[in-house]
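Let's walk through this model together, one piece at a time. Have the sequence and the 3D view open as you read.

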Amino acid sequence: MIMDSPVQVLTVADFTLDAQVKWCPGCGGHAILSSIKKALPETSDDPDKVVFISGIGCSSRFPYYIKTYGFHSLHGRATAIASGVKIANPELQVWIVTGDGDSMAIGGNHFIHILRRNLDVNILLFNNKIYGLTKGQYSPTTPLGGVTKTSPEGTIEQPFIPGELAMGAQATFFARVPDNDPGMMKEVFVKAAKHKGTSLVEIYQNCVIFSNQIHAEVTGKEVRHDHQIYLEHGKPMLFGKNKEKGLIVRGTRLEVVEIGKNGVRLEDILVHNSTASDPTVQFMLTRMSLPEYPMAMGVIRSVEAPVYEEMLEKQVAQTSQKSKIHSVTELLHSGNTFLVE
Amino acid sequence: MGKKKKIIELDSVVIKFAGDSGDGMQLTGTQFSDSSAIIGNDLSTFPDYTSEIRAPEGTIAGVSGFQVHFGNKSIQTPGDQADVLVAMNPAALKSNMKWLKHGATILIDIDCFDEKNYNKAGYTSDPLEDGSLDEYHIIKAPITTLTRTTVAEYNIDVQTADKMRNQFVIGLLFWLFNREISTGENYLVEKFGKNPELLKANISVIQAGFNYAENIEAISTTYLVNPAVKKKGLYRNITGNIATAWGFLAAAEKAKKELFLGSYPITPASEILHELAHMKNLGAVTFQAEDEIAGICSAIGASYAGKLAITTTSGPGLALKGEGIGLAVMTELPIVIVDVQRGGPSTGLPTKTEQSDLMQALYGRSGESPCVVIAASSPANCFDYAFTASKIAIEHMTPVILLTDGYIANGSELWPIPDISKYHEIKAPHVKNNDPDYKPYKRDDKKLSRYWALPGQEGLRHRVGGLEKANITGEVSHDPLNHELMVKTRAEKVQRVANYIPEQEITGNKNGDLLVIGWGGTFGALNTAIEELQKEGKNISLCHINYINPLPKNLKEVFSRFKKRIVCELNMGQMANYLRSQYPEFEYSQYNKIQGLPFMIKELKNKFNEILKEI
């Protein structure tokens with residue numbers, strides 16, 4: 001069948017900028033950039049309608065490496081700037097690129113507020129658990145006891161779990177991906193873009209210089225089948241090389257079980273529901289950590305909720321319809337005026 | 001039957017309404033001001049809020065006030081001191097004594113002048129008995145009792161009845177100033193129109209106050225302030241904050257753009273946010289951000305995407321916005337930052353006025369970070385300067401800081417409603433889709449402004465950001481000479497705004513003995529003082545500056561024509577120091593006041609006379 005107006009299909013090349021990528025060789029950023037470029041043709045049919053807005057840090061150089069509109073802004077403020085962009089032009093597909101220092105420390109306030117407002121934007125959080133660009137200080141996600149330039153005896157601060165913070169801020173979409181799984185990254189980035197509302201994707205990113213192998217326990221090729229669980233909506237929560245392990249709820253806790261052992265059957269395994277508006281189970285999944293549990297990957301939460309700019313547009317339309325004042329001249333002549341003759 | 005009126009005509013009168021912050025003194029003052037406008041007086045008002053919403057009743061801390069100055073001539077300030085004080089309780093009396101003219105009339109609610117309230121106000125003796133009020137004319141009216149009696153026939157509880165005491169005051173003052181009751185009613189109709197019972201009760205209380213005044217011995221004389229000779233036309237009473245909000249709406253209309261305000265509440269700037277939140281019908285969108293930083297950053301985002309973007313704040317908020325302003329300087333995006341100045345540093349005096357953010361506005365950022373700074377100088381002209389700030393921001397692609405202050409922001413004056421069709425168009429330097437020659441830092445030859453390509457536009461994909469960029473191409477650049485070129489270009493761009501602003505005007509002779517230099521919200525007081533001295537034959541002129549960076553091109557020449565110059569401002573001398581740095585060839589003396597209060601005309605005249613004697 002011949003279509004009347006064939007849809008122009010974009011490719012990676014349409015988003016590839018002729019610019020030198022200045023991340024360190026081996027940095028997780030390269031794989032993330034590559035996956036985004038693969039995801040974009042599926043999320044957008046017009047590169048002119050895509051904007052990448054970043055804060056400050058290694059991750060935030062991202063807009064210089066992709067052929068869309070781009071704004072490399074201030075440390076921690078990308079979320080605030082993106083809010084203005086999205087409200088000003090809701091037609092734009094807005095991506096925010098940030099790091100663990102940028103969004104969890106200096107931009108923590110803007111981070112939680114964009115989530116609760118639920119603007120339809122996508123946040124890529126490069127979490128390498130360290131400050132890279134300033135050369136190796138601990139970040140709000142550095143594990144307790146982590147030895148860095150500014151914590152020679154180990155940190156004495158509890159780290160943030162970004163997903164936990166996000167759900168506390170009523171995030172409608174939270175996903176987690178490792179930077180060494182391009183397929184998973186692309187799939188999740190597409191889902192994030194298609195979600196209506198603020199999508200947060202935490203990327204376990206490796207910094208080859210200052211926190212090399214920080215995620216190796218989770219992302220290492222040898223261990224990842226046992227140390228990651230890839231969650232998919234409507235599917236049982238299984239992991240392990242042969243999907244022999246799974247999660248059940250016992251009492252008020254999640255528990256790792258093996259199918260066939262102690263009478264556990266496949267039907268007993270929890271089925272992932274990312275669309276449940278009650279975040280209780282999603283919250284438990286987000287908090288899972290080694291060694292007791294595998295780390296949850298994939299889309300953990302994706303729920304429908306009113307979107308800020310849509311509600312705003314509705315109010316603007318309704319107010320305009322109701323009001324008798326439609327120009328500044330009408331405004332100036334409204335209410336109490338006094339005629340001098 | 002009422003007594004015969006003895007009427008004295010006056011040129012102008014200042015009335016101060018004072019009571020508990022819950023007594024509705026702002027409402028009463030506004031209602032009285034409106035009635036003055038209706039009969040054709042010129043006027044100026046100023047509210048005097050407390051920092052606390054409801055400080056303990058009856059205490060000095062809880063006193064809230066509203067001053068109105070009306071007259072048959074041009075009225076430019078709310079007045080130094082009051083001719084009439086309305087004191088709803090002893091605390092209101094005590095805290096306002098120093099702002100009274102000798103022989104002023106004081107109207108008190110005698111029902112509230114009891115021992116309990118004397119104690120709360122900190123009186124150690126009864127001011128009505130101890131002789132401290134001997135030089136004043138006291139009207140002791142049982143306002144509470146008579147108001148309650150008047151509304152007894154309505155189904156109204158005592159608390160609500162007591163809130164109507166202010167209408168009794170209105171009635172009494174209407175008789176005292178020979179006004180028709182109907183001129184006070186419109187205000188009530190608008191306020192209580194939906195509740196006819198309450199409306200009727202309020203009007204009957206005005207009537208009761210009016211009748212009471214007519215019948216008592218204490219008021220033997222009434223006063224008449226004739227209409228001011230003003231140009232024909234339609235006027236309205238407007239505060240600086242509302243005028244600022246409306247000026248932005250006018251600019252948006254003339255730029256054919258929607259208005260975006262990203263802002264965080266702060267005294268005394270919040271009314272601009274409140275007002276624009278109600279203007280969705282004119283396409284204005286307000287975003288109440290999580291903090292001052294997000295306020296300006298959301299505005300920068302909106303500007304990047306093509307809106308007329310504004311953020312509003314006061315001194316402490318401007319400090320937080322410094323980083324964002326720097327980004328707007330670097331990305332050369334248009335944005336207007338309004339700083340409604342208040343007493344500082346730190347939290348300082350949130351409800352009091354000051355002009356102490358000038359240096360912060362000019363220099364309070366990292367790096368060489370020039371932006372345009374302008375200042376409004378009266379409540380009504382906040383409209384024009386908000387408009388102009390937007391026009392400069394958009395046409396020159398630069399952040400503009402608009403300075404107002406608590407005094408003109410909350411104060412009001414009568415404003416001849418302008419004809420918007422006569423305002424200039426605002427022409428945004430947009431780029432056509434797919435322009436093959438577009439480069440992010442290619443510039444207009446004359447203005448040196450870059451062009452405004454919006455995300456979403458076809459074929460103009462580019463990247464902006466806070467890192468230094470290469471001239472023209474906009475690529476990230478750390479090249480030393482390029483940086484110097486860009487720093488100088490950004491500075492020159494701002495300086496060239498001087499080619500697009502009016503020359504400095506002066507009030508009075510173009511040359512002479514003494515040139516008084518002021519800026520911003522002190523205009524009313526300075527101009528009144530100088531006009532009075534000029535009438536006395538003194539050789540004195542006023543140069544009141546609205547365009548601060550860049551300064552008007554003829555300013556140096558203006559300065560050179562006077563023997564002496566004195567810079568008057570509500571700070572330690574920030575404008576004086578700025579002028580010394582810009583025009584070091586002149587000497588500047590200073591007159592400064594840092595009390596959170598506006599200049600008084602009297603103190604200005606004394607100072608100027610002192611200097612004139614030396615010349």
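A crossover is called right-handed if, with the strands pointing away from you, the path from the first strand over the helix to the second runs clockwise. Helices and strands here are DSSP runs (H or I of at least four residues for helices, E of at least two for strands), numbered from the N terminus. With that in hand, look at chain B: β22(B), helix α19 (residues 574-582) and β23(B) build a right-handed β-α-β unit. Its two strands, β22 (residues 562-569) and β23 (residues 589-592) of chain B, run parallel and pair over four bridges; pairing asks for at least two DSSP bridges between two strands.

Some ground rules before going on. This is a predicted model, in which local features need pLDDT of at least 70 and side-chain atom pairs count only at pLDDT 80 or more, while totals for chains, interfaces and linings use all residues. Residues are numbered from 1 along each chain as its sequence is written, and chains are lettered from A and ligands numbered from 1 in the order in which they are written.

Now step back to the domains of chain B. The assignment gives domain 1 (6-225), domain 2 (237-422) and domain 3 (506-614), with bounds that come from an automatic or database domain assignment. The C-alpha centres of domain 2 and domain 3 of chain B are 26 Å apart. Between these two domains, 22 residues of domain 2 of chain B are in contact with 20 residues of domain 3 of chain B, where contact means C-beta atoms, placed from the backbone, within 7 Å. On the domain 2 side, α13 (358-363), β14 (372-375), β15 (399-405) and α15 (406-410) of chain B each bring at least two residues. The biggest giver there is β14(B), with four residues. By class, that side of domain 2 of chain B has 12 nonpolar, seven polar and three charged residues. In this count, Ala, Val, Leu, Ile, Met, Phe, Trp, Tyr, Cys and Pro are nonpolar, Asp, Glu, Lys and Arg are charged, and the others, Gly among them, are polar.

What about the two chains together? Here 55 residues of chain B are in contact with 49 residues of chain A. On the chain B side, α11(B) gives the most, with nine residues. That side divides into 27 nonpolar, 15 polar and 13 charged residues.

Chain A itself has 11 helices and 12 strands. Of its 341 residues, 48% count as buried, that is, with 20 or more other C-beta atoms within 10 Å of their own; exposed means 12 or fewer, partly exposed is in between, and C-beta atoms are placed from the backbone. In helix α9 (residues 280-287) of chain A, the buried residues are A:Q282, A:L285 and A:T286. Seen down the axis of α9(A), they fall within an arc of 100°, so they line one face of the helix; the arc is that of the directions from the helix axis to the C-beta atoms. They pack against α5 (162-168), β5 (173-178), β7 (228-231) and β11 (295-302) of chain A.

Is A:P152 buried or exposed? A:P152 is exposed, because 7 other C-beta atoms lie within 10 Å. You'll find A:P152 in the loop between β4 (122-127) and α5 of chain A.
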